[in-house]
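Hello,

Here is the structure I promised to pass on. Please open it first, then read my notes below.

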Amino acid sequence: MVQIHRRTFLQGVGVTAAVGVLGAPSLALGAAKKVVIVGGGTGGATAAQYLRRYDPTIEVTLIDTSKEYYTCYFSNLVIAGLRDLKSIRQTHEGLSKRGVKIVHDMVTAIDGGAKQVVTASGQKFPFDRCIVAPGIDLVYGAVEGYTAELEEKIPHAWKAGSQTDLLAKQIKEMKPGGVVVMIAPPNPYRCPPGPYERACMIAHYLKQNKPGSKVVIIDPKDKFSKQGLFTAAWKKHYDGIVEWLGSDKVGTKFAIDPTTLTVKTQAGEIKADVLNVIPPQRAGKVAQASNLVDDKGWCPVNPATFESTLVPGVHVIGDAAIAGAMPKSGYAANSQGKVCAMAVALLLNGKQPVQPAYTNTCYSFITPDQAVSVAAIYELKEGKIVEKVGGLTPADASDEVLRREGQYAESWYRNIVVDCFG
Amino acid sequence: MKWKIATSGAVLAAALAAAPFAQAVEISYAEVMAHTCAGCHGPNGSSVGPAAPTIAGINPELFIEAMRDYRDGFRAGTIMPRIAKGYSDEEYKLMAEFFAKQPFKRYDQPHDAKLVERGKRLHDRYCEKCHENGGKASAEAGVLAGQWLPYLQYQMEDYLAGKREYKEKNMKNKLTEMLEKEGQEGLKAVLNFYASQK
Ligand SMILES: Cc1cc2nc3c(=O)[nH]c(=O)nc-3n(C[C@H](O)[C@H](O)[C@H](O)COP(=O)(O)OP(=O)(O)OC[C@H]3O[C@@H](n4cnc5c(N)ncnc54)[C@H](O)[C@@H]3O)c2cc1C
């Protein structure tokens, strides 16, 4: 408890010095250190919370375009009609209560040289260090014929919110016996098991409500996350409903005709009644605009601190960052947010970061009450994040175990959003 | 444990320049490691439920035993056997110390209020000897009062199915005795009593 006492003590000193009651000139002179966080999703919100707790004297400003954040995790349950959109809505109010300054505006540039962040409305925010967590940008045109404008008709639903509702609505209104076609993305992308969990959830909905309908996955990959577990679940629960077509059949380049909802592949054409295009991805736009990305569109970082190797003083976490063996997941973004907050708090206090620790876990629902999981612990080795141990739900897990995992998945959702958003 | 950071001297020098009035902020590796568990066990180990257990306030010896048992296959679990393999005995010890210091936060949870009174009586007769103070104490055995009900149910299923070792033979005796006299309904009542505790 020593640490906590010491911190509370220092907090008290800071407050008195600020109001100038006590003669503590050195403290009063030292203007509060400023951290600006760009993006208040899973990674950014976590970093904000943990910075405040590691060093409450740091002034933390979090900027996000949007007042509402819909978690992508559990959005596949919304698509299946098992939850409503409201249940995956988070806000920044909890962070605000913890003393984080919240600004709703779009960041247009992060200037590492001038150490300031500029927003669309023209505001400027100076920083000592900046943490960038903008998530992903979708490379629409990589699926020929798909454009940003088309997302109102052909949803990607890879950023949760109105897109999630749109896909749910289209599936609900589809004619019985119809075909839902999903184009899966190439690696690396946000949430490796996400498309296949989505296929399970859509298949569940179709099985219950629209007999004779199908989900076809057009995949530019020849293998995918949790493949054995998903394939077994499709066979067991959705035989004849889910069909997966990998790159050996359909190739890696696809084109769509948005008027007829037809997908062209090397194996021929397939006509969809509902089309879900999940395009290739890269780091969020603002990272592209601020020279934080490499030639593949992702942000290289020092994995001990998540400081950009391209722009000193600016850290990148979450989906946008290249984090070695860690996948682009919510749990990973949360874990990275904490490591980054630790490093930033110590660096701003003139200290070396301590040894980091990283974890990822990800639950995927295969039926409304059964889930499978992946878990991995990572370590920093020779400047890289490598997997120390990891593994999946065993292939022979009983229904009872899968139901427990379903319960624990619900529990995971509630705990992680509290850990991120307060 | 030896560990060297990969930040360059220049970076640190810049950091020092930016922070002329450095304060004594301290962060331990134990804390950093323990925070990786929060996504499932809640901030500082107090789970907001509805299923994953709170590990805040846990007796450090029981914590270490639990981690070892998961790692070595003596205790069933859906995901902990995989996670426990990621840490050394020394790291278990560091985390045990961290979690033991955290307060066990209790949240309202769904339970059958009609069973609570009977559950309390049965607890007093069969379980209180080790799970003291109505299951709130952590000195001797696991904290049960305010623990999440699905987790408690799964643990009892695992003990009874031989998938979790009893560390105390007397717990097995008392539990068997209670089940003989009061049946599964009796056990359900005891667990609902724990779930009702705040
Ligand atoms: C269908 C689906 C299911 C998933 N399921 C899981 C799961 O079960 N478990 C799991 O761990 N992960 C899951 N994920 C992955 C998870 O959602 C992401 O990995 C996680 O959200 C990444 O966090 P982030 O902070 O990097 O980005 P985000 O959470 O996307 O946050 C980015 C934030 O930055 C803001 N922003 C962007 N640009 C700007 C700008 N210029 N100015 C201001 N603000 C800006 C955005 O508004 C947004 O709030 C799933 C993803 C999908 C699509």
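This is a predicted model: local features need pLDDT of at least 70, side-chain atom pairs count only at pLDDT 80 or more; totals for chains, interfaces and linings use all residues.

Buried area is the accessible area, taken with a 1.4 Å probe, that two parts lose on being put together, summed over both.

Chain A first. Its domain assignment gives domain 1 (6-137 + 281-421) and domain 2 (140-277). Their centres, taken over C-alpha atoms, are 29 Å apart. On the domain 1 side, 36 residues take part in the contact, and on the domain 2 side 32 residues do. Between them, domain 1 of chain A and domain 2 of chain A bury about 2,800 Å². Carbon and sulfur atoms carry 64% of that area.

Now the ligand. Its shell draws at least three residues from each of domain 1 and domain 2 of chain A. There are 33 residues around the ligand. Gly43(A), Asp64(A), Tyr69(A), Arg190(A) and Asp319(A) come nearest. By class, the shell has 16 nonpolar, eleven polar and six charged residues.

- Asp64(A) places a polar side-chain atom 2.6 Å from a ligand oxygen.
- Gly43(A) has a backbone N or O atom 2.8 Å from a ligand oxygen.
- Ser329(A) has a polar backbone atom 3.4 Å from a ligand oxygen.

How much of the ligand does the protein cover? On its own, the ligand has 1,000 Å² of accessible area, and the protein covers 92% of that. Several elements of chain A give two or more residues to the shell, among them helix H3 (42-54), strand S2 (59-64) and strand S23 (358-367). Helix H11 (330-348) is also one of them. H11(A) gives the most, with three residues.

Last, chain B. The assignment there gives domain 1 (27-105) and domain 2 (108-198). Their C-alpha centres lie 21 Å apart. In the contact, 17 residues of domain 1 of chain B meet 18 residues of domain 2 of chain B. The buried area between these two domains is about 1,400 Å², and carbon and sulfur atoms give 52% of it. On the domain 1 side, Arg75(B), Ala76(B) and Phe104(B) lose the most area to domain 2 of chain B. Together they make up 33% of what that side buries.

Over to you.

Best wishes

Definitions and conventions. Residues are numbered from 1 along each chain as its sequence is written. Chains are lettered from A and ligands numbered from 1 in the order in which they are written. Side-chain values use heavy atoms; hydrogens and water are left out. A residue is near a molecule or strand if one of its heavy atoms lies within 4 Å of it. A polar contact is a pair of N or O atoms within 3.5 Å; within protein, one must be able to donate a hydrogen and the other to accept it, and residues adjacent in sequence count only if both atoms are side-chain atoms. Accessible areas come from the Shrake-Rupley method with a 1.4 Å probe; for residues, only the protein chains shown count as cover. Helices (H or I, at least four residues) and strands (E, at least two) are DSSP runs, numbered from the N terminus. Ala, Val, Leu, Ile, Met, Phe, Trp, Tyr, Cys and Pro count as nonpolar, Asp, Glu, Lys and Arg as charged, and the others, Gly among them, as polar. Domain bounds come from an automatic or database domain assignment. Contact means heavy atoms within 4.5 Å.
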